[in-house]
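Reader: I'm new to this one. Can we walk through it together?
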Amino acid sequence: MTNQELNDLKNRYVANGAATPTTQFAERAENAELWDADGNRWIDFAGGIGVLNLGHRHPKIVAAVEAQLKKVMHTSAAVISYAPYVQLCQKLCELTPVRGPERKAMLVNTGAEALENAVKIARAATGRTGIITFDGAFHGRTMMTLAMTGKVLPYKNDFGPMPGDVFRAPFPNPLHGISEEASLNAIRTLFKTDIAPHRTAAIVIEPVQGEGGFYIASPDYLKALRALCDEHGILLIADEVQSGFARTGKLFALEHSGIEADILTTAKSLANGMPLSAVVGSAKVMDASGPNSLGGTYSGNPLSCAAALAVIEAIEEENILERSEQMGKMLAERFAVWEERFPTVAHGRQLGAMAAFELLDSDGKPDAQMTGALCAKAREKGLILLSCGFYGNSIRILVPLTVSSSVLEEGLSIIEQSLEALS
């Protein structure tokens with residue numbers, strides 16, 4: 001079928017709230033490129049929203065899924081378990097920066113499910129109910145995670161009321177006038193005005209905000225937050241759904257700070273395109289809830305677990321962490337050039353290859369309209385590009401870390417050409 005024929009079907013049968021406004025349909029893909037139903041080629045700088053750190057159809061991952069498909073496709077881990085589930089939990093416990101020495105993990109399907117379960121576990125482990133998150137945070141689209149998400153549009157505008165006992169502090173962001181000390185003081189103020197420390201189960205933070213704009217919590221801030229949690233017996237939950245699995249030059253962004261979380265959630269590139277997420281934490285915390293209190297019908301599907309085990313092997317064998325650091329430095333250099341050339345480009349930032357820059361208007365204010373225009377112009381030229389941010393004016397780079405140098409350069413050149421066309 002053609003793009004037009006498929007688009008007609010979408011308009012007729014897919015709910016508006018779930019339908020992309022784009023009119024192209026992916027037909028096949030390889031590494032950092034895909035081809036639509038009309039045969040047009042696209043360079044993919046979105047990576048399935050951070051899901052494809054190892055690219056479309058990585059051979060090692062495809063082979064692992066195919067091999068597992070010939071053995072067991074589904075039984076439900078709640079009925080009878082299988083080797084890939086427990087083997088992956090072992091790997092995650094060995095690799096994840098959570099407090100030990102003994103750690104345990106559980107598997108579900110999506111980032112939102114992982115955060116939902118992290119909250120349940122934290123409440124069971126502490127006997128407390130309060131959850132503190134941050135402005136600009138994105139934790140998912142289920143009701144609990146919508147309450148935790150710090151942005152109304154487009155995520156939760158029409159869906160209230162939200163679950164209670166969720167409170168919010170400003171994320172440390174000097175660009176928006178929020179110092180690290182101001183952020184910490186805001187949490188201390190919450191303790192006085194809205195939720196007492198002895199009722200607070202957990203503070204949940206993205207070490208690098210995803211949808212919020214790729215803003216980076218510094219090592220000093222994360223260390224201070226860790227100390228604040230310890231002072232009051234509060235669990236620290238690190239949401240690494242988007243920042244995990246090599247995007248920042250470490251397997252997890254939290255590793256840059258040298259601290260450990262009590263609970264860490266991960267998803268997206270964990271299984272590089274297969275639906276899978278994980279909650280990892282100290283054994284005592286993870287075992288706080290009773291038997292059969294966690295999980296779901298499809299949680300930790302055998303095919304997804306096999307893919308994730310292959311992802312971990314590929315990251316090590318192909319020096320993906322080193323590649324992420326190299327890409328990050330190259331992107332930072334390119335952003336600096338654009339900031340010199342284009343008055344609208346500012347505030348380039350990156351941690352490894354988790355990189356973004358902003359577009360500002362002539363008054364130095366966030367320019368969401370220009371950002372949308374840049375994404376549209378790039379798409380006209382064959383590049384899939386995503387925006388993000390509290391003000392909708394950040395351009396994020398989520399190209400697969402396995403991208404060839406020539407395709408990466410081609411994509412960056414399209415951004416540059418698009419900026420020239422819009423200047």
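Reader: Which residues is I187 in contact with, leaving aside its neighbours within four places in sequence?
Author: This is a predicted model, so take everything here as computed. Leaving aside neighbours within four places in sequence, I187 is in contact with I132, F134, A169, I203, Y221, L225 and L228.
Reader: And which residues have the most contacts inside the largest nonpolar core?
Author: F45, I187, L385 and I415. That core has 113 residues.
Reader: Where does the largest share of this core come from?
Author: From α10, with ten residues.
Reader: Why would a core like that form?
Author: In soluble globular proteins, nonpolar side chains tend to be buried together.
Reader: What lies apart from it?
Author: Another core, of eight residues. V208, L351, M354 and C388 are among them.
Reader: Back to I132 and F134. Which way do they point from β5?
Author: They point one way, along with G130. I131 and T133 point the other way.
Reader: Is β5 as a whole buried or exposed?
Author: Strand β5 covers residues 130–134, and five of its five residues are buried, so it is largely enclosed by the rest of the structure.
Reader: Which strands run parallel to β5?
Author: Strand β7, residues 200–205, is joined to β5 by three bridges and runs parallel to it. Strand β6, residues 166–169, also runs parallel to β5, with four bridges.
Reader: New topic, helices. At what angle do α4 and α10 pack?
Author: About 40°, with their axes 9 Å apart. Helix α4 is residues 83–95 and helix α10 is residues 302–317. Their crossing is left-handed.
Reader: Which residues make the contact?
Author: From α4, they are P84, Y85, Q87, L88, K91 and L95. From α10, they are P302, C305, A306, A308, L309 and I312.
Reader: How many of those are nonpolar?
Author: Ten are nonpolar, one is polar and one is charged.
Reader: How far apart are M1 and P84?
Author: They are 83 residues apart in sequence and 37 Å apart in space, C-alpha to C-alpha.
Reader: Is M1 buried or exposed?
Author: M1 counts as exposed, because its relative accessibility is 60% and the cut-off for exposed is over 50%. M1 sits in the segment before α1. Not counting residues up to four places away in sequence, M1 touches L6, L9 and A37.
Reader: Now sheets. What is the order of the open sheet with mixed pairing?
Author: Its four strands go β1-β2-β3-β13. β1 and β13 stand at the edges with a single partner strand each, so one side of each is left without a neighbour in the sheet.
Reader: How many bridges join β3 to β13?
Author: Two, and the strands run parallel. D44 stands opposite I384 in β13.
Reader: Which helix lies across β2, β3 and β13?
Author: Helix α13, residues 405–422, running at about 90° to β3.
Reader: And what is the order of the antiparallel sheet?
Author: It is an open sheet of four strands, β11-β12-β15-β14. Its edge strands are β11 and β14, each pairing on one side only. The twist averages 30° from one strand to the next.
Reader: How many bridges between β14 and β15?
Author: Three, in the antiparallel sense. L386 stands opposite R396 in β15.

Terms used
Residues numbered from 1 in each chain as written. Predicted model: local features only at pLDDT ≥ 70, side-chain atom pairs only at ≥ 80, totals over all residues. Heavy atoms only, no water. Pairing = 2+ DSSP bridges. Contact = heavy atoms within 4.5 Å. Axes fitted to C-alpha atoms, helices over the stretch in contact; angles between N-to-C directions. Left-handed = near helix turned anticlockwise from the far one by under 90°. Nonpolar A, V, L, I, M, F, W, Y, C, P; charged D, E, K, R; others polar. Core = buried A, V, L, I, M, F, W, Y, C linked by side-chain atoms within 4.5 Å. Buried < 20%, exposed > 50% of the residue type's maximum accessible area, 1.4 Å probe, protein only.
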